[in-house]
Amino acid sequence: MNGSISKNRSLLTEVISGLPSNLGCDVLVCAPAPYLLQCEGILNGTAIQLGAQDVSMHSNGAYTGEISATMLSDCGCAYVIIGHSERRAYHSETDVIVAQKVLKVLEAGLTPIVCVGETLEQRETGQTNMIVAAQLQAVLDVVDIDRLDKLVIAYEPVWAIGTGKTATPQMAQDVHEFLRGQIALNDEMVSRKVRIIYGGSMKPENAGELLAMKDIDGGLIGGAALMSVDFLKIIAAAR
Ligand code: PGA
């Protein structure tokens with residue numbers, strides 16, 4: 001819940017003008033819903049794609065305040081973040097709700113970015129793999145095998161989000177490898193294609209090391225994306 005019409009304009013203009021001409025990676029900006037059309041107008045014709053931060057689990061109709069996947073598509077979104085830990089923690093989003101949202105997003109032709117991750121207590125009690133496996137499995141259970149490669153998975157340890165604490169590259173790699181292995185149980189080929197990105201205090205100082213790990217295919221950047229200089233440095237590290 002960051003941004004304003006004027007801040008969005010200056011941030012995106014700075015990022016666009018700092019982008020290398022040959023991008024070499026996919027870059028997208030997931031904006032708060034009221035600003036999607038503004039951002040679409042600014043990003044249109046650039047190499048940066050647009051995404052949303054949440055979506056309704058319903059298709060349309062009497063769900064006042066909700067925003068459907070088709071509405072997001074209509075506003076120019078190509079991606080939607082689903083099941084961010086803040087949605088799970090503050091808005092009671094269960095694995096079942098997350099899975100329903102994924103289905104709606106796929107039906108609308110958008111790419112879901114499904115967030116999974118453990119709390120500090122779960123990590124310290126050795127439950128990390130069990131937690132992320134259950135969060136992932138709820139989604140794998142409902143998505144047809146031929147659409148599995150449309151998913152992006154974001155591993156976001158809850159204790160690392162917005163805290164300045166980052167998982168070490170090896171800690172993140174271990175979970176990414178585990179998640180890829182879980183997908184391989186369903187489809188080996190897809191598991192090699194699916195992008196598994198890391199989120200949680202990724203910043204210019206640690207992006208290179210994290211992105212160099214074998215199973216870390218990208219980043220979901222929160223705080224560091226609010227400063228164009230930092231976001232551009234992370235993009236450079238991802239190329
Ligand atoms: P952070 O946020 O980069 O500020 O930790 C990540 C996120 O919100 O997913």
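## A walk from a pocket to some charged pairs

Let's start with an open space: the second largest pocket holds about 170 Å³. A pocket here is an open set of points on a 1 Å grid over the protein atoms alone, with protein on both sides within 12 Å along at least five of seven lines. Its volume is the space filled by probe spheres set on the points, which are joined across faces, edges and corners, and the probe is 1.4 Å.

Before going further, keep in mind that this is a predicted model, where local features need pLDDT of at least 70 and side-chain atom pairs count only at pLDDT 80 or more, while totals for chains, interfaces and linings use all residues. Residues are numbered from 1 along each chain as its sequence is written, and side-chain values use heavy atoms, with hydrogens and water left out.

Back to the pocket. Its lining is made of 15 residues, and Ser85, Arg88, Gly117, Gln135 and Val158 are the ones nearest the centre. Lining residues are those with an atom within 4 Å of a point. Two or more lining residues come from each of α4 (85–90), β4 (111–116) and α7 (128–140), with α4 giving the largest share, three residues. Helices (H or I, at least four residues) and strands (E, at least two) are DSSP runs numbered from the N terminus. Sorted by class, five of the lining residues are nonpolar, seven polar and three charged. Nonpolar covers Ala, Val, Leu, Ile, Met, Phe, Trp, Tyr, Cys and Pro; charged covers Asp, Glu, Lys and Arg; the others, Gly among them, are polar.

Next stop is Glu118, in the loop between β4 and α6 (120–124). Is Glu118 buried or exposed? Glu118 counts as buried because its relative accessible area is 0%; buried means under 20%, exposed over 50%, and partly exposed in between (1.4 Å probe, protein chains only). The side chain of Glu118 has polar contacts with the side chains of Tyr155, at 2.9 Å, and Trp159, at 3.0 Å. Such a contact is a pair of N or O atoms within 3.5 Å; within protein, one must be able to donate a hydrogen and the other to accept it, and residues adjacent in sequence count only if both atoms are side-chain atoms. Beyond its neighbours within four places in sequence, Glu118 touches several residues, including Thr128, Ile131 and Val132 (contact means heavy atoms within 4.5 Å).

Glu118 also pairs with Arg123 in a salt bridge, with the closest N and O atoms 2.7 Å apart. That term means a side-chain nitrogen of Lys or Arg within 4 Å of a carboxyl oxygen of Asp or Glu. Arg123 is partly exposed, at 22% relative accessibility.

The structure has 13 salt bridges. Another one joins the side chains of Arg180 and Asp215 (2.6 Å, N to O). This pair links distant parts of the chain, 35 residues apart: Arg180 sits in helix α8 (residues 169–186), and Asp215 in the loop between α10 (204–211) and β7 (219–220). Arg180 is buried at 10%, and Asp215 is buried at 4%.

Glu188 and Arg192 form a salt bridge too, at 3.5 Å between the closest N and O atoms. They are about one helical turn apart because four residues separate them in helix α9 (residues 188–193).

Finally, look at Ser92, which has a positive phi of about 55° although it is not a glycine. Ser92 lies in the loop between α4 and α5 (95–107) and is exposed, at 55% relative accessibility.
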